[in-house]
Each structure stands twice: as structure tokens, then as C-alpha cells.
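Visitor: Could you walk me through this one, please?
Guide: Happy to, just ask as you go.

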Amino acid sequence: MSTLPTLPACPEPATIRIELYSADSLDACAYTCVDHTIRATAAVARAGLEAHLIGIAPDVERSCGHVFVFPTGTLADAPAEQAHPRWCDRDDCERRGQHHSRILGVGTDRPEAATVQAVLVQALHQAAEPMVRLEGNPATRLLLSVRQTRVLRYRLAILLDLTRAGR
């Protein structure tokens, strides 16, 4: 983990965003006014980081000296202990590289052309979002965000309603 440099700050609104990189990894964004940009860039360089100056979008309001550290970057605090989501089966998450719920079969108690299983997964990084993975036979795999899965649930309900309407 690198150390975040101490940046100059004042109550003025920021007009410059400085992206802080280490080894091609975007680690943080610092916001400065025009008067403090050169000193902030020098502080970033002294800390061994690369600084890339970028303008701020008109709808973004930050004060000079504000710093946002990305949770996926090298400046982020390391989690003390990897907490498991409440749905995780807690079975060898480190080896798998992800949290994993119990597998839910999508069986109908009748012969089907394909078998399907659903499982909730999430990368171990604290900023990762849970995803729904559908696995089928033959070896097919579909990974959906939770939002996509929610929409899919409603779309499937519409399709199921249409099959009942046709009878």
C-alpha cells in the first residue's frame, strides 16, 4: 500500500481534478483550485505517484484539497479481515477467489433438455457487487448483475403469463 501525500487545501471550489496513478493503477482523485494545482502535483510526484490533470465536469462540486481514494487502488486501506456476505457458504472463498452461495437447482422433477443451476457470487474485493451466475448443461455460463436478474425475473413473469393466456 502506498502513502497518500498531504495536499494543500483551501475553502475555494476545486477547478482541477488530479488522477493519482501507481503502476498503471488509478488509485485516487485529488481536487484543487488553480492556485494549489502545482504544489499538489509536486506532492504527488514526491510520493512516487503519477499525476494526470483533468478538468472537472460542470455538475461536480468539490472543495480544494478533497481526495477520493478508490477502494480498488493501492492507496485503499486493506480490510482487516475479509467479511463474508450473509448468503456466502464460507467454503474456501480465498481459493475460489469469490464468495459463493449454495447452488440452487432449477429442476422440475421431470426430464428436461438441459439442467440449470443458479448461484450468487461476489469477488473478494470489498467494492465488488454480487452477481447471479446461471450454469447449464452443456457447459454454458451466464453472469448477470443483481439489477439484470431482477429485470429478467419480471420479463420471465410476462412470458409465463403469455403461455397461460394461450390455453
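Visitor: Is Thr32 buried or exposed?
Guide: Thr32 is buried, because its relative accessible area is 0%. Buried stands for under 20% relative accessible area, exposed for over 50%, and partly exposed for anything in between, using a 1.4 Å probe and protein chains only. The model is predicted, so local features need pLDDT of at least 70 and side-chain atom pairs count only at pLDDT 80 or more, while totals for chains, interfaces and linings use all residues. Residues are numbered from 1 along each chain as its sequence is written, and side-chain values use heavy atoms, with hydrogens and water left out.

Visitor: Where does Thr32 sit, then?
Guide: Thr32 is in strand β2. Helices (H or I, at least four residues) and strands (E, at least two) are DSSP runs, numbered from the N terminus.

Visitor: And what does the side chain of Thr32 touch?
Guide: There is a polar contact, at 2.9 Å, between the side chains of Thr32 and Thr37. That term covers N or O pairs within 3.5 Å; within protein, one atom must be able to donate a hydrogen and the other to accept it, and residues adjacent in sequence count only if both atoms are side-chain atoms.

Visitor: What about Ser101, buried or exposed?
Guide: Ser101 counts as buried, at 10% relative accessibility. You'll find Ser101 in the loop between β5 (98-100) and β6 (104-105). A polar atom of the Ser101 side chain lies 2.9 Å from the backbone nitrogen of Leu120.

Visitor: Switching to cysteines: how many disulfides are there?
Guide: The count is 0 disulfides, where a pair of cysteine sulfur atoms has to be within 2.5 Å.

Visitor: Which residues make up the largest nonpolar core?
Guide: It has 11 residues, among them Leu7, Ile16, Ala28, Val44 and Leu75. At least two residues of this core come from each of β1 (16-22), β2 (25-32) and α1 (37-46). A nonpolar core here is a set of buried Ala, Val, Leu, Ile, Met, Phe, Trp, Tyr and Cys residues joined through side-chain atoms within 4.5 Å.

Visitor: Last one: which element gives the largest share of the lining of the largest pocket?
Guide: That's α3, with 8 residues. β7 (116-123), β8 (131-136) and α3 (146-165) each supply at least two residues of this lining.

Visitor: How do the lining residues divide?
Guide: They split into 12 nonpolar, 1 polar and 2 charged. Ala, Val, Leu, Ile, Met, Phe, Trp, Tyr, Cys and Pro count as nonpolar, Asp, Glu, Lys and Arg as charged, and the others, Gly among them, as polar.
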